[in-house]
Structures are given as C-alpha cells and as structure tokens.
Amino acid sequence: MSTMTTKSGRTVSVGAIIWNVLKYVILVFFSLVAVVPIITCVITAFKSKEEYQATSVMTLPKSFLNFDNFVTAFTTANMGRAFINSVIVMICVLLVSMIIGTQLAYVLDRFKFAGNGLIRSMFLIASLLPAVAMQVTVFNIMSFFGFVNNLYGYIIMSCGTDVISIYIYIQFMENISSSLDESAIVDGASYWTIYWKIILPLLRPAIVTSCILKGVGVYNEYYAAQLYLQRKEIRTMAISLYTFVGPMGSQYNLICAGVIISLLPALIVFVLCQKQIYSGITAGAVKG
C-alpha cells in the first residue's frame, strides 16, 4: 500500500487517510440526519398556513418574529395544563420507581436466598417481552380497577418498576463494599437505616442515570397516554399535539410550534443540570 510523508516527516498510509476521511463523512452524514428534522421543525413553526402550503419545508419563513403559531398552539391545545399533567406524572413515577428499584436492587444484591437468581431471570425475561403484546391484558386490568381516563390510574400503571433501572442499580451497588453494611450492623443500625442513610446516598449517580432514562420515556410517552388519557383536561404534552390532527388534514405549522414548546422545558433542564447529568451517566456506566 502506498504511503505519504507529512511536513513533520511522519509517514502515513493512503488507506489510513481514506479511512479517516470516511469516518468524518459518516459522522457528518448522521449529524445531518439528526439535525435536519429539528431545523425543518423550527422553520415550519414560524410559517403561516398559507406560507407553509406554498413553500418547501427548507424555505425560510418571511419573519422569525412571528409567534402567532406558538400562541395558537399553546392556547388551543391547552398545553399549559398538559405540561402540569406531564410534570405530575413524571415526578410521581420517578419517585416511586426510584424507591422500588433501589430497594429491590438492595435486596437482590445484599441478600443471598433461594430464588434470587430466578427473580433476576424473570426480570430479564420481562424486559424481552414487547409492551404492545401485553396491552390487551393491561387494558383489561386498567378497566377492571376503573383506572382508564384517570390521571392517578395512568400514574400507577407507569410506576411499574423499570427493569433497566434495576440492573443499573444492581451493577452500581456491586461496587459498594459490603463492609459498610457490616460496620453499620455492628454499630446497631437496622437494614432500613443502612439502606436509607448509606446505600441510597451512594447510589446517587445511578439514580441520576435511571431518572434521565425513565424521565425521558415518561415525558415522551404517547401510545399509553393516548390509550388511557382520552379526556382533554388530563392529557399530557405528548398527546396535546393531537389537537391539530384531523380527518381533513394536519396543521403542521401549529404541530411544529407545539413540538418546540414541549421541547423547551426539557432543554432548560438539560442546560441547567448538564454537569449532574454527564457525571451521573459516566459514574453509572463505569464498573470495576
């Protein structure tokens, strides 16, 4: 294979140069794949209905100072109430899932008993089952208990323990020395005290990682929310945009404006808490 000599005198093969160029081309391509939909959404959000129908999606709007679509989307879709509902659901689900998940991980990791491996295997099998395949059974259960079209029923259903979070907690807890538990027991601490005052604070990076994954999923949940929250006053942000979809066509300029409104809270949280988010993901992903 032919080689080339750089100005510094270092010899580089042509194949290595081609491979480096190819890597950057692939990175640029997939970056555009991720960014172009966001750009088109922003452009469409500032167009009027007539302007959207007369131009292509990449044509810039006449003015980026026209916020009529945002006002219409916010008021017509009742996005203020939808945002409050989403926040209530997300906070309740994250709190309950965190408590249940950390306690379950504490029991499975610290206590060796008959059936420990079986329980872990059952959680693994549950994670492999598609959620859609179980919706008929779940809907029958929700209907039996009167949870359909009730926000508290949707919260209870969403509080189901996340299998991925449990494994994150278990993996992180394996790095916490059991000598801390033994020292606390010698000092007279109960298992609840050990969990609440020792284990839980040390699990903070894993909790941050789990809350990010679970929170994004709950905030963006559409299928279950559309199925169980059919009354307008209890809709969440993910389904409030359904207001602008009808049999006579969809108002994409208003949908895009609503999408940007729904993204703003998550973007603000990310900007304010990006240090904690990055540190939580990094710490939660390292084992050893």
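Predicted model: local features only at pLDDT ≥ 70, side-chain atom pairs only at ≥ 80, totals over all residues.
Trainee: How many of the 11 residues of α8 are buried?

Mentor: The buried residues of α8 include V163, S165, I166 and I168. Y169, I170, F172 and M173 are also among the buried residues of α8. The helix is mostly covered, and its buried residues number eight.

Trainee: With which residues is I207 in contact, leaving aside its neighbours within four places in sequence?

Mentor: I207 is one of the residues that touch the most other members of the largest nonpolar core. Once its neighbours within four places in sequence are left aside, the contacts of I207 are M98, T102, Y169 and L200.

Trainee: How many residues does the other core, the one with C41 and F70 among its members, contain?

Mentor: This core lies apart from the largest one. C41, F70, A77 and M237 are among its members, and its residue count is 18.

Trainee: Is the ring pair of F147 and Y152 stacked or edge-to-face?

Mentor: A pair of aromatic rings is described by the distance of the centres and the angle of the planes. For F147 and Y152 the centres are 5.8 Å apart and the planes stand at 85 degrees. Planes over 60 degrees apart are counted in one class, so the pair of F147 and Y152 is edge-to-face.

Trainee: Which residue forms a salt bridge with R110 and lies 71 residues apart from R110?

Mentor: Side chains of opposite charge can pair when their charged atoms come close. R110 meets D109 in a salt bridge at 2.6 Å, N to O, and both D109 and R110 are buried. R110 also forms a salt bridge in which the closest N and O atoms are 2.8 Å apart. That pair links R110 in helix α4 to a residue in helix α9 (residues 179-186), namely D181.

Trainee: How far apart are the closest N and O atoms of E233 and R231?

Mentor: The whole structure holds three salt bridges, and D109, R110 and D181 are linked in a network. E233 is partly exposed at 42% relative accessible area, and R231 counts as partly exposed at 33%. In the salt bridge of E233 with R231, the closest N and O atoms are separated by 2.5 Å.

Trainee: What distance separates the C-alpha atoms of T72 and L254?

Mentor: T72 has its place in helix α3 (residues 68-76) and is partly exposed, with a relative accessible area of 32%. Beyond its neighbours within four places in sequence, T72 is in contact with A77, F244 and L254. Although T72 and L254 are 182 residues apart along the chain, their C-alpha atoms are separated by 7.4 Å.

Trainee: What accessible area does the nonpolar patch with V28 and I39 have together?

Mentor: I39 lies in helix α1 (residues 14-45) and counts as partly exposed at 38% relative accessibility. V28, L32, V35, V36, I39, V57 and M58 form this surface patch, and together their accessible area is about 560 Å².

Note on methods
Residues numbered from 1 in each chain as written. Heavy atoms only, no water. Patch = residues over 30% accessible without salt bridge, like charges linked within 9 Å, V, L, I, M, F, W, Y side chains within 5 Å. Areas by Shrake-Rupley, 256 points an atom, 1.4 Å probe, with all protein chains shown as cover. Salt bridge = Lys/Arg side-chain N within 4 Å of Asp/Glu carboxyl O. Helix = DSSP H or I, 4+ residues; strand = E, 2+ residues; numbered from the N terminus. Buried < 20%, exposed > 50% of the residue type's maximum accessible area, 1.4 Å probe, protein only. Core = buried A, V, L, I, M, F, W, Y, C linked by side-chain atoms within 4.5 Å. Contact = heavy atoms within 4.5 Å. Phe/Tyr/Trp six-rings, centres within 6.5 Å; stacked < 30°, edge-to-face > 60°.
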